[in-house]
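Please find below a colleague's note on one region of the model. It is set out as numbered points for reading alongside the coordinates.

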Amino acid sequence: QVQLMESGGGLVQAGGSLRLSCAASGTIVRVDAMGWYRQAPGKQRELVAAVTSGGSTNYADSVKGRFTISRDNALNTVDLQMNSLKPEDTAVYYCNADIAKVAGPFTYNYWGQGTQVTVSS
């Protein structure tokens with residue numbers, strides 16, 4: 001069984017910073033892409049940032065220059081450093097990863113349980 005465990009959410013004032021962390025555990029042979037998504041009330045879940053196993057990154061336009069995604073391939077972790085937070089960043093943030101449980105190209109896609117980030121104005 002594979003699990004993604006998130007931590008680091010909370011309440012912060014506008015302009016502040018938070019760091020989210022996610023650790024993958026269980027029967028893992030390989031972790032391919034890892035990323036963070038978010039879902040605000042009444043809105044669809046959206047990609048915030050993603051990183052490949054090789055370190056290539058992709059960011060939503062709304063967070064470029066403010067958020068930084070990083071990963072540790074040895075520990076199967078991915079972090080999201082969020083700076084200059086805005087009230088519109090308020091959402092539940094979800095960790096996501098493509099994980100291979102056996103050798104070979106096939107991966108399963110997993111989600112964390114979500115962590116609330118609230119930015120007050």
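1. Basis. The model is predicted: local features require pLDDT of at least 70 and side-chain atom pairs count only at pLDDT 80 or more, while totals for chains, interfaces and linings use all residues. Residues are numbered from 1 along each chain as its sequence is written, and side-chain values use heavy atoms, with hydrogens and water left out.

2. Strand 8 and its burial. Strands are DSSP runs of E of at least two residues, numbered from the N terminus. Strand 8 spans residues 77-82. Five of its six residues are buried, so strand 8 is largely enclosed by the rest of the structure. Here buried means under 20% relative accessible area, exposed over 50%, and partly exposed in between, with a 1.4 Å probe and protein chains only.

3. Pairing of strand 8. Two strands pair if DSSP finds at least two bridges between them. Strand 3 (residues 18-26) is antiparallel to strand 8, with six bridges; within this pairing, Q81 is the bridge partner of R19. Strand 7 also runs antiparallel to strand 8 and is joined to it by six bridges, and V78 in strand 8 stands opposite R71.

4. The hairpin turn. Four residues lie between the strands in the hairpin of strand 7 and strand 8. N76, in the loop between these strands, has phi near 60°, a positive value in a residue other than glycine.

5. N83. This residue lies in the loop between strand 8 and strand 9 (91-100). N83 is partly exposed, at a relative accessible area of 30%. Leaving aside residues up to four places away in sequence, N83 touches G16, S17, R66 and F67, where contact means heavy atoms within 4.5 Å. The side chains of N83 and S17 are joined by a polar contact of 2.9 Å; such a contact is a pair of N or O atoms within 3.5 Å, and within protein one must be able to donate a hydrogen and the other to accept it, with residues adjacent in sequence counting only if both atoms are side-chain atoms.

6. S84. In the loop between strand 8 and strand 9, S84 has a positive phi of about 50° although it is not a glycine. S84 is partly exposed at 41% relative accessibility.

7. R66. The loop between strand 6 (57-59) and strand 7 (67-72) holds R66, which counts as buried at 10% relative accessibility. Among the residues R66 touches, not counting those up to four places away in sequence, are Q81, N83, S84 and D89.
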